[in-house]
Structures are given as C-alpha cells and as structure tokens.
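Student: Please show me the structure, and then let me ask about it piece by piece.

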Amino acid sequence: MKAGVTASLLVIAGLSGATPASAQTFIDVFAGRSMPEDTAATITADEARINGTIVPARLRIDVASLEPTSSTIYGVRIGHWFGRIGLAIDAATLDPDVRRQTIRATGNLRLEEELFGEPVTIDPGRSVSVDIPRVTVPTTGTVAALAMVRLPIGATPARPAGRFATYAFAGPAYLVTDSDLSGNWGLRAGGGVKLALTRTLSLFGEYRYTRIAADAVAGRIGGEAMGVRGSTGDIRIDLNVRNHSAVGGVGLSF
C-alpha cells in the first residue's frame, strides 16, 4: 500500500514537472523604470459652462494623443512554483502623469476648467492645437494574478531549479486607485532571467507590459446656476494606460 502511494505521488510530480526540491514558495522585490506609450483620450461631462452659467450639455473632447511621463516603479510578487509551472500575485506602483505638451483636440463645446488642479482651455473646432500644463494624476497601483512558466538552465540534483532560469508570465491586472479614479481590468505579461546566488537568494531582471483602461474624475464644471456660483458636474477622462517597464530585483525562495 505504501509503495503504491509513493508511486502515485511520483507520477503526479512527473506530470507537473515538480519534485519536492523544485517546488518553491518565492517572494520577489523589484524596482525599475516605466516607459508608457502615447495614448488617445476622451474628456466628457454632462454639463458645460457657457458665459459663466452651468447648463445641461453633452460635452465631449477627443484628444488625439497624450504623452505620459516615464516614472520609477516599485513592487512585490509572491507566488509558488510547482516545478516549471507557477502562480503568483504581483503588486506594483503606477504613476500615469501627463507631461507639459501641445495636443490636438476636437471638442463640441468650449472647456475652460481645471483638470487635476491645472487650468486647461480647449475651444470647439476641428483638430485644435492646445497647450496643456503638466498634469499630475493621483498615484495609483496595479495588482495582477499571474500564471508563470520557467525553464531551468544547468539544473542538478542539488539545485533542481538551475543556476539560471528564464521565465515568462501573463494574467489579468486590476487598477487600484484613490477616490478620484475608477478601477478597471487589464493585462500584464512579460518575462525575465533569474540568477541563483544561493539555494534561497537570487537576482533577476525582467521586461513587463501592462495595459489597463483608466477612468478618472479630472475636475468639475464651475459657474453659476439658479443664481448660485459653484461647481456641479464631473469632468471625466478615459484613456488606455500602456506601460513598458524594465525592472530588476531580489528574490527569496523557501
């Protein structure tokens, strides 16, 4: 009976590519540089300020291309290797700020409000050239559930994970935000190389791609309504965040 149980365990380990020594729980800590792609954006509101008065309106401004800033990112990944296959939870910062630039925008109504605390004016017309200040978007982060696969290089009975290992990962990512932003689902994928210094300590470098839709409250329509001055309708901005990142870090395996 005992021999039969042992044989069954060996068969399962063989199918998964795992051995007791190659199954590992790991924690990776990393930092690097994020290089976002230019992206189109849409600014919308259900009201507009016309001659200082707030009126119901379907304000829509299409921005051909926004150039986000590069930023430093930090993160941590916790997971488990079942031999060559692994599962992990990955959390990283994300700062999708917009640099000072000239954009091309098409609007159906005039926009003269503050976006993320900065004054922005866009006149209606076709493909209008607009200078905008640097816009600081509230710091955000992402959490991803990843499926991983690795290929050990130079594996030995004493070091079944190999001295080197290439790996790849992919999975759904969620945008974690503050009260001014709406969380959305997206994708994270990438790959890297890990160098084992000891049985438990390693160094790694990797490329990461993250694509997530972002929906933010950028400001509010201000003016006078019913004889009272103030602000009412939200101004929302929708864009796709597409980040290419290069990171390096330290890993611990148990």
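The questions below go from the whole chain to single residues.

Student: What kind of model is this, and how are residues numbered?
Tutor: This is a predicted model, in which local features need pLDDT of at least 70, side-chain atom pairs count only at pLDDT 80 or more, and totals for chains, interfaces and linings use all residues. Side-chain values use heavy atoms, with hydrogens and water left out, and residues are numbered along each chain as its sequence is written, from 1.

Student: How many helices and strands does the protein chain have?
Tutor: Helices (H or I, at least four residues) and strands (E, at least two) are DSSP runs, numbered from the N terminus. Counted in this way, the protein chain has one helix and 15 strands.

Student: What percentage of the residues of the protein chain count as buried?
Tutor: Buried means under 20% relative accessible area, exposed over 50%, and partly exposed in between (1.4 Å probe, protein chains only). The protein chain has 254 residues. Of these, the share that counts as buried is 41%.

Student: Is Asp-28 buried or exposed?
Tutor: Asp-28 sits in strand β1, which covers residues 24-36. Its relative accessible area is 1%, so Asp-28 is buried.

Student: Which side chain joins that of Asp-28 in a polar contact of 3.1 Å?
Tutor: A polar contact is a pair of N or O atoms within 3.5 Å; within protein, one must be able to donate a hydrogen and the other to accept it, and residues adjacent in sequence count only if both atoms are side-chain atoms. Contact as such means heavy atoms within 4.5 Å. Leaving aside neighbours within four places in sequence, Asp-28 is in contact with residues including Gly-75, Arg-77 and Phe-204. The polar contact of 3.1 Å is with the side chain of Lys-194.

Student: Is Val-29 buried or partly exposed?
Tutor: Val-29 is found in strand β1. Its C-alpha atom is separated by 9.8 Å from that of Leu-203, 174 residues apart along the chain. With a relative accessible area of 49%, Val-29 is therefore partly exposed.

Student: Which residue forms a salt bridge with Glu-206?
Tutor: A salt bridge is a side-chain nitrogen of Lys or Arg within 4 Å of a carboxyl oxygen of Asp or Glu. In this one the closest N and O atoms are 3.0 Å apart. It links strand β14 (residues 201-225) to strand β4 (residues 71-82), with the partners 129 residues apart. The partner of Glu-206 is Arg-77.

Student: How far apart in sequence are the parts that Asp-90 and Arg-208 tie together?
Tutor: The side chains of Asp-90 and Arg-208 meet in a salt bridge of 2.9 Å, N to O. Asp-90 lies in strand β5 (residues 85-94) and Arg-208 in strand β14, so the parts tied together are apart in sequence by 118 residues.

Student: Are Glu-112 and Arg-110 buried or partly exposed?
Tutor: Their side chains meet in a salt bridge of 3.1 Å, N to O. Glu-112 has 38% relative accessibility, and Arg-110 has a relative accessible area of 37%. Glu-112 therefore counts as partly exposed, and Arg-110 is also partly exposed.

Student: Over the face of which residue does Arg-77 lie?
Tutor: A charge sits over a ring if NZ of Lys or CZ of Arg is within 6 Å of the ring centre and within 35 degrees of the ring normal. Arg-77 is buried, with a relative accessible area of 0%. At 5.5 Å from the ring centre, Arg-77 lies over the face of Phe-169.

Student: Which atom does the side chain of Thr-39 reach at 2.9 Å?
Tutor: Thr-39 lies in strand β2 (residues 39-50). Thr-39 is buried, with a relative accessible area of 3%. The atom that its side chain reaches at 2.9 Å is the backbone oxygen of Asn-240.
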